[in-house]
Amino acid sequence: MHQVVEQSDAIIMEQNDHVKGAENDPPGLAEANWRAGLALRIKAARQTSGLTLDNFATLAGVSKRTQTAYESAARVPDAEYLRRLSWN
């Protein structure tokens, strides 16, 4: 899974190269960007691993609905979810 995370990091860095001048952003935009970036990273990790949404959710110990919420930035995963991913 560590290789998957490294590959997904590269994808996210490419997508975020255009983000500059955050100090001029309106309040709340930094958090929204952080949430969106985390969601993209989670989705990229799943896609890079070749797992289906159901399989990845099972591996992470969450429901498919929760996994979808994490990948769409509707919810932010807790530390336990991230820990489980780091060990797989």
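This is a predicted model: local features need pLDDT of at least 70, side-chain atom pairs count only at pLDDT 80 or more; totals for chains, interfaces and linings use all residues.
At 0% relative accessibility, Tyr 81 counts as buried, a label given to residues under 20% relative accessible area, with exposed meaning over 50% and partly exposed in between (1.4 Å probe, protein chains only). Residues are numbered from 1 along each chain as its sequence is written, and side-chain values use heavy atoms, with hydrogens and water left out.

**Overall build**

- The protein has 5 helices and 0 strands, where helices (H or I, at least four residues) and strands (E, at least two) are DSSP runs numbered from the N terminus.
- Along the sequence these elements follow the pattern α-α-α-α-α.
- Of the 88 residues in the protein, 26% are buried, while the exposed surface comes to about 5,800 Å², with carbon and sulfur atoms supplying 54% of it; such areas come from the Shrake-Rupley method with a 1.4 Å probe, and for residues only the protein chains shown count as cover.
- Among contacts with a separation of 6 or more, 59% join residues 24 or more positions apart, a contact being heavy atoms within 4.5 Å.

- Helix α4 (residues 64–71) has Thr 66, Gln 67, Ala 69, Tyr 70 and Glu 71 buried, and the cover over the buried residues of α4 includes α2 (29–49), α3 (53–60) and α5 (79–87).
- Just after α4, Ala 73 adopts a positive phi of about 65°.

**Aromatic pair**

- A search of the whole structure finds 1 aromatic pair; the rings of Tyr 70 and Tyr 81 have their centres 4.6 Å apart and their planes at 65°, so this pair is edge-to-face.
- By the rule used, rings of Phe, Tyr and Trp (its six-membered ring) pair if their centres lie within 6.5 Å, with planes under 30 degrees apart counted as stacked, over 60 as edge-to-face and the rest as tilted.
- Because Tyr 70 lies in helix α4 and Tyr 81 in helix α5, the pair ties together parts that are 11 residues apart in sequence.
- Tyr 70 is buried, with a relative accessible area of 5%.

**Salt bridges**

- The count comes to 3 salt bridges, each defined as a side-chain nitrogen of Lys or Arg within 4 Å of a carboxyl oxygen of Asp or Glu.
- Arg 46 and Glu 71 meet through their side chains in a salt bridge (2.6 Å, N to O); Arg 46 lies in helix α2 and Glu 71 in helix α4, so the pair ties together parts that are 25 residues apart in sequence, and both residues are buried.
- Glu 80 forms a salt bridge with Arg 83, the closest N and O atoms being 2.5 Å apart, and another with Arg 84 (3.5 Å, N to O), which links Glu 80, Arg 83 and Arg 84 in a network of salt bridges.
- Within helix α5, Glu 80 and Arg 83 are 3 residues apart, about one turn of the helix.
- Glu 80 is partly exposed at 35% relative accessibility, as are Arg 83 at 40% and Arg 84 at 22%.
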